[in-house]
Amino acid sequence: GQMNGEKYLGNASKREVHDLDREDTSLSGCQIDEILRAGHERPFVALSAAHAAGFDNCAKCLGSSQR
């Protein structure tokens with residue numbers, strides 16, 4: 001994958017950003033492994049960079065989703 005220690009993982013398919021330190025691992029949670037397997041990951045060092053790139057917060061791990 002493209003991740004190299006970044007804290008935030010963007011899902012390019014859903015335009016959603018996840019906080020890897022607060023991942024929701026429940027069945028309906030973040031599904032980080034699936035994002036990586038599908039090759040939809042986009043790494044971000046800062047949450048502000050993800051927002052500037054048009055990514056919305058994951059409602060599970062970050063909250064305050066705008067969708």
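Phe44 is buried, at 6% relative accessibility. Buried means under 20% relative accessible area, exposed over 50% and partly exposed in between (1.4 Å probe, protein chains only). Phe55 is buried as well, with a relative accessible area of 4%.

| Residue | Relative accessible area |
|---|---|
| Phe44 | 6% |
| Phe55 | 4% |

This is a predicted model: local features need pLDDT of at least 70, side-chain atom pairs count only at pLDDT 80 or more, and totals for chains, interfaces and linings use all residues. Residues are numbered from 1 along each chain as its sequence is written, and side-chain values use heavy atoms, with hydrogens and water left out.

The structure holds one aromatic pair. The ring centres of Phe44 and Phe55 are 5.2 Å apart and the planes meet at 65°, so the pair is edge-to-face. (Rings of Phe, Tyr and Trp, the last by its six-membered ring, pair if their centres lie within 6.5 Å; planes under 30 degrees apart count as stacked, over 60 as edge-to-face and the rest as tilted.) Phe44 lies in strand 3 (residues 41-44) and Phe55 in the loop between helix 2 (47-52) and strand 4 (56-57), so the pair ties together parts 11 residues apart in sequence. Helices (H or I, at least four residues) and strands (E, at least two) are DSSP runs, numbered from the N terminus.

Phe55 has a further contact: the charged end of Arg15 sits over its ring, 4.1 Å from the centre. That requires NZ of Lys or CZ of Arg within 6 Å of the ring centre and within 35 degrees of the ring normal.

Next, the sheet. Four strands form an open sheet in the order 3-1-2-4, with mixed pairing. Strands pair if DSSP finds at least two bridges between them. Strand 2 (residues 16-19) and strand 4 pair in the parallel sense over two bridges. Glu16 stands opposite Asp56 in strand 4.
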